[in-house]
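Please keep the sequence and the coordinates at hand.

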Amino acid sequence: MERTFAGYITELRRDFTSYCEKELEQDNITLGLLYPIIYIAKHEGCTQKQLGESLFMDNGYVTRTLKKLESLQMIKRITNDDDKRIINLFLTDNGKSVFEKSRMLFKKWDEQVFSGINNKEKEQIMSLMQKIKESRRK
C-alpha cells in the first residue's frame, strides 16, 4: 500500500498523544484539556467564546472543558468589571505549572523525534511544515 503524508501525520499524532498523556497522567490532564490551558496561558483574560473559536470547540464542549479545568483547579473565571456578562479566563498556579510542563514536554518530544536528523534537515522539515500549514489556511 502506498504511504501518504496523511498516514505519517496520523502516526506521529498518535505517538505524540500517547507520549503526552503518559507524562501528564499524574496531573489528570489529557491533550483535550491541555490545549485550552495553553491557549489561556498565551491569551490571559480571554473569554470562553474566544477560546472556543480559536480551538474550534462548540459551546457545550467548551463549557464541559472549563468545568473540568476548574474542578482540577487549573483555571479561574473572573467576571469582567466593565461588563458583568463577560467572564475572563485565567490560569491558577496549578494551571501555570501544567503549562510550563507542556512546554518542556513538547520540546522533549521534538528532541526525540529529531534525534536522528541533522539541523539542516530539521530546518527544512520545519520550513516545509510551515508552508503546508499556511497553504491549508487558504
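## Salt bridges

Arg3 counts as partly exposed, at 42% relative accessibility (buried is under 20% relative accessible area, exposed is over 50% and partly exposed is in between, with a 1.4 Å probe and protein chains only). The side chain of Arg3 meets that of Glu11 in a salt bridge, 2.4 Å from N to O; the term stands for a side-chain nitrogen of Lys or Arg within 4 Å of a carboxyl oxygen of Asp or Glu. Glu11 is also partly exposed, at 38%. Side chains of opposite charge can pair when their charged atoms come close. The model is predicted: local features need pLDDT of at least 70, side-chain atom pairs count only at pLDDT 80 or more, and totals for chains, interfaces and linings use all residues. Residues are numbered from 1 along each chain as its sequence is written, and side-chain values use heavy atoms, with hydrogens and water left out.

The structure holds five salt bridges. Another of them joins the side chains of Lys101 and Asp27 at 2.9 Å, N to O. Lys101 lies in helix α5 and Asp27 in the loop between α1 and α2, so this pair ties together parts that are 74 residues apart in sequence. Helices (H or I, at least four residues) and strands (E, at least two) are DSSP runs, numbered from the N terminus. Lys101 is partly exposed, with a relative accessible area of 23%, and Asp27 is partly exposed with 22%. The side chains of Arg85 and Asp83 also form a salt bridge, again listed at 2.9 Å from N to O. Arg85 counts as exposed, at 73% relative accessibility.

## Asn88 and its surroundings

Asn88 is placed in strand β2. This residue is buried, with a relative accessible area of 13%. Its side chain reaches the backbone oxygen of Gly45 at 2.6 Å. A polar contact of 3.2 Å also joins the side chains of Asn88 and Asn80. A polar contact is a pair of N or O atoms within 3.5 Å; within protein, one must be able to donate a hydrogen and the other to accept it, and residues adjacent in sequence count only if both atoms are side-chain atoms.

Apart from its neighbours within four places in sequence, Asn88 is in contact (heavy atoms within 4.5 Å) with Gly45, Cys46, Thr47, Lys76, Arg77, Ile78 and Asn80.

## Helix α2

Helix α2 covers residues 31-42, and its twelve residues should span 16 Å at 1.5 Å a residue; the end C-alpha atoms are 16 Å apart, which agrees. The expected span is 1.5 Å times one less than the number of residues.

The buried residues of α2 are Leu31, Leu33, Leu34, Pro36, Ile37, Ile38, Tyr39 and Ile40. Their cover includes α1 (5-24), α3 (48-54), α4 (59-71), β1 (75-79), β2 (87-91) and α5 (93-113).

The 18 residues of α6 should span 26 Å at 1.5 Å a residue, and the distance of 26 Å between its end C-alpha atoms agrees. Asn118 caps the N-terminal end of α6, with a side-chain oxygen 3.0 Å from the backbone nitrogen of Lys120.

Phe5, Ile9, Ile125, Met126, Met129 and Ile132 make a nonpolar surface patch of about 480 Å². Patches are made of residues with over 30% relative accessible area and no salt bridge: like charges are joined within 9 Å, and nonpolar side chains (Val, Leu, Ile, Met, Phe, Trp, Tyr) within 5 Å. Both α1 and α6 (119-136) supply at least two residues each, and α6 gives the most, with four. Met129, in helix α6, is partly exposed at 34% relative accessibility.

## Positive phi in two loops

Asn28 sits in the loop between α1 and α2. Its phi is near 60°, a positive value in a residue other than glycine, and Asn28 counts as exposed at 52% relative accessibility.

Gln73 belongs to the loop between α4 and β1. Although not a glycine, Gln73 has a positive phi of about 60°; it counts as exposed at 53%.

## The chain as a whole

The chain has six helices and two strands, in the order α-α-α-α-β-β-α-α along the sequence. Its C-alpha trace spans about 55 × 35 × 30 Å along the principal axes.

Of the 138 residues, 28% count as buried. Residues 24 or more positions apart account for 51% of the contacts with a separation of 6 or more. The chain exposes about 10,000 Å², 50% of it supplied by carbon and sulfur atoms; accessible areas come from the Shrake-Rupley method with a 1.4 Å probe, and for residues only the protein chains shown count as cover.
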